Amino acid sequence: MDIAQAEDLEMEGACGGSCACSTCHVIVEEPSKFDAMPEPSDDENDMLDLAFGLTETSRLGCQVKMSKEIDGVRVRLPSMTRNMQAADFKGAKKE
């Protein structure tokens, strides 16, 4: 996420990289690079469930840590994002 934002790409990152929203959803283009990444955490999977255009190679950009194994990874942004945050669901009043 930091790299995308430093390059002025349109990645919102509404939660500031704390894995509490899905606005930095990216789609990893190469399955081999996706497979080389550590498994997503339960928190990341929960946020990905809220992401628009979820795919088999979806990740949250804020949770992708660069390493030699994924050097040169190419990702694309979905056509839109949903700004749904974990806080939207915690302690919500039922009417």
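A salt bridge here is a side-chain nitrogen of Lys or Arg within 4 Å of a carboxyl oxygen of Asp or Glu. By this rule the count comes to two salt bridges. The model is predicted. Its chain has 95 residues, and buried residues make up 36% of them. Three helices and three strands are present.

**Overall layout**

- Along the sequence, the elements follow the pattern α-β-α-α-β-β.
- Helix α1 covers 2-6, α2 covers 31-36, and α3 covers residues 42-48.
- Strand β1 takes in residues 25-28, β2 residues 58-60, and β3 residues 75-76.
- The chain exposes about 6400 Å². Carbon and sulfur atoms supply 47% of that area.
- Take the contacts between residues at least 6 apart in sequence: 72% of them join residues at least 24 apart.

**The sheet**

- Three strands form an open sheet, in the order β2-β1-β3. The pairing is antiparallel.
- Strands β2 and β3 stand at the edges. Each has a single partner strand, so one side of each is left without a neighbour in the sheet.
- Strands of a sheet pair through backbone hydrogen bonds.
- Three bridges join β1 to β2. Here histidine 25 stands opposite leucine 60.
- Two bridges join β1 to β3. Here isoleucine 27 stands opposite arginine 76.
- The side chains of β1 point two ways: His25 and Ile27 one way, Val26 and Val28 the other. All of these are buried.

**The salt bridges**

- Arginine 76 forms a salt bridge with glutamate 29. The closest N and O atoms are 2.7 Å apart.
- This pair links distant parts of the chain, 47 residues apart. Arginine 76 is in strand β3, while glutamate 29 is in the loop between β1 and α2.
- Arginine 76 is partly exposed, with a relative accessible area of 42%. Glutamate 29 is also partly exposed, at 41%.
- The side chains of glutamate 44 and arginine 59 meet in the other salt bridge, at 2.8 Å from N to O.
- That pair also links distant parts of the chain, 15 residues apart. Glutamate 44 is in helix α3, and arginine 59 is in strand β2.
- Glutamate 44 and arginine 59 are both buried.

**The nonpolar cores**

- The largest nonpolar core has 11 residues. Among them are Met1, Ala4 and Met11, along with Met47, Leu48 and Leu50.
- Val26 of strand β1 belongs to this core.
- Cysteine 62 is in contact with Met1, Gly17, Cys19 and Cys24, leaving aside its neighbours within four places in sequence.

**The cysteines**

- The structure holds zero disulfides.
- Cysteine 15 is in no disulfide. The nearest cysteine sulfur, that of cysteine 21, is 3.7 Å away.
- A disulfide needs the two sulfur atoms within 2.5 Å.
- The sulfur of cysteine 24 is 3.7 Å from the closest cysteine sulfur, in cysteine 62, so the two are too far apart for a bond.
- Cysteine 15 is buried, with a relative accessible area of 17%. Cysteine 24 is buried too, at 2% relative accessibility.

**Serine 22**

- Serine 22 sits in the loop between α1 and β1.
- Serine 22 is buried, with a relative accessible area of 1%.
- Serine 22 and leucine 60 are 38 residues apart in sequence. In space they are 6.7 Å apart, C-alpha to C-alpha.

Methods: Residues numbered from 1 in each chain as written. Predicted model: local features only at pLDDT ≥ 70, side-chain atom pairs only at ≥ 80, totals over all residues. Heavy atoms only, no water. Buried < 20%, exposed > 50% of the residue type's maximum accessible area, 1.4 Å probe, protein only. Helix = DSSP H or I, 4+ residues; strand = E, 2+ residues; numbered from the N terminus. Pairing = 2+ DSSP bridges. Core = buried A, V, L, I, M, F, W, Y, C linked by side-chain atoms within 4.5 Å. Contact = heavy atoms within 4.5 Å. Areas by Shrake-Rupley, 256 points an atom, 1.4 Å probe, with all protein chains shown as cover.
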